[in-house]
Amino acid sequence: MTTMRYLEALRVAMREEMERDPNVFVCGEEVAQYQGTFRVTEGLADHFQAERGGMRVLDTPISEAGIVGLATGAAMTGLRPVAEFMTWSFALVAMDQIANHTAKIRYMSSGSVNVPVVLRGPAGTGNQLSAQHSQSLECWYTHMPGLKVVMPATPEDAKGLLKSAIRDDNPVIFMEHAGLYAQKGEVSDDADFTVPFGVAAVRRTGSDVTVVTYSHAVGQCLTAAEVLADQHGIECEVIDIRTLVPLDIDTIAASVAKTHRAVVVHEDWKQCGFGAELASRIYETSFDDLDAPVERVGGPYVPMPYSKPLERLAIPGEMDVVAAVRRATD
C-alpha cells in the first residue's frame, strides 16, 4: 500500500492500464503539454513519448463534441480511449454525442460494436466557481441507458474504479469531485487491483439509521455521523454507493432492514436529483421495513452563487445531514 492523493491515484491507474494494454490512450484539452487542468495527467506524455510518436497522450482542440466524437470513434475500432473534460459542466456541449451516439451504438448495433470509452474529469460544487462551473450533473447521465456512471469518494476507489472503467467494454462516465483531488489515502500497489462496479461500500456501521451517499458527500456524512453519535446517541450506517449505474440496491436494502430508517445525501439539486431516484428505489425495495419517511439532503433549486456566503448556503453540509437524520429518527 502507498499513501497518495486522489489525483495521483487516478494518474497511476491510467499509467498502469496504458502499460498493460497498448490500446489505451488519453486525450483531451491540454492533457499532454500542460498535463491537465488539475495536473491529473502529469508526466504521462513524457512517459509514453516514444510510443506511437507520442500519440498515446493527445492534446485536442477546444471542442468537447470533437473530443467525444474522437474517443467514441476510436473505441469503435478497438482502442480504449480515456477522454478528459476540463469540467463536466463543459461536457454539456457534447451531450448530443454522448446521449445519441456514445451511449447507444452498442445497443443499436445489436452488440456487434463495443464502445470501451471512459469520459472523465472534475465535477462537483465549491471554490466560488459560480453557476457555469460549480454544479453536480450526474443525474443527466444516470438517466441515459447505455452509460455506466462512477463517482469515487476515496483515493483507493479512484484507482480501482478507474481501472475497472478502462477495462469495461461499455462507455463509462467517470466523475471526480474536484474537492477530493488533494485528499490522501492508502492505495493498493497491485497493478491488477480493481474495484468492481455495482458493489457499495459500508463506510461506517450503525444501528439507528442508514445514510446513503456518494462522492464528496461521503466525508461530510462520516463527519455528521460522529457528531450524531457523540451529541445525540444516534448511530448511523453510512453507505457509499460508489457507482450510480449500476446501483447496489441490495446493500442499501439490507442496511434499511436493520436500521428501519434512511437518509439520502448528495450535492446535486434536490429537485429531480439522483437522490430522488435513491429514495424511490428504497421505497420500492424496503417499504415494509421503514418506520419513517426517507429523508433527502440536496442543494436548493438555484444556480450556484459566486458570493462565498451565498455559496455556503447553496451547498449541503454536515449540519444539514445532522438535521435530516434527527428528523428521520425523531
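Reader: What is the order of the strands in the open sheet of five strands?

Author: In this predicted model, the five strands of the open sheet follow the order β9-β11-β10-β13-β14, and their pairing is mixed. Neighbouring strands of the sheet are turned against each other by 25° on average, with direction ignored.

Reader: Why is one side of β9 and of β14 left without a neighbour in the sheet?

Author: Both β9 (201-204) and β14 (295-299) stand at the edges and have a single partner strand each, so one side of each has no neighbour in the sheet.

Reader: What makes β13 and β14 a pair?

Author: Two strands count as paired if there are at least two bridges between them; β13 (residues 262-269) and β14 are joined over four bridges, in the parallel sense, and therefore they meet that definition. Within this pairing, V264 has R296 of β14 as its bridge partner.

Reader: Which strands does helix α10 lie across?

Author: Helix α10 (residues 274-286) lies across β10 (209-213), β13 and β14, and its direction is at about 160° to that of β13.

Reader: Why is R204 called buried?

Author: The word applies under 20% relative accessible area, and R204, whose place is in strand β9, has a relative accessible area of 14%, so R204 is buried.

Reader: How do you know that the side chain of R204 makes a polar contact with C236?

Author: A polar atom of that side chain lies 2.9 Å from the backbone oxygen of C236, and the cut-off for such a pair is within 3.5 Å. Leaving aside neighbours within four places in sequence, the residues in contact with R204 include L222, A225, E235 and C236.

Conventions: Residues are numbered from 1 along each chain as its sequence is written. This is a predicted model: local features need pLDDT of at least 70, side-chain atom pairs count only at pLDDT 80 or more; totals for chains, interfaces and linings use all residues. Side-chain values use heavy atoms; hydrogens and water are left out. Helices (H or I, at least four residues) and strands (E, at least two) are DSSP runs, numbered from the N terminus. Axes are lines fitted to C-alpha atoms, for helices over the stretch in contact, and angles run from 0 to 180 degrees between N-to-C directions. Contact means heavy atoms within 4.5 Å. Buried means under 20% relative accessible area, exposed over 50%, partly exposed in between (1.4 Å probe, protein chains only). A polar contact is a pair of N or O atoms within 3.5 Å; within protein, one must be able to donate a hydrogen and the other to accept it, and residues adjacent in sequence count only if both atoms are side-chain atoms.
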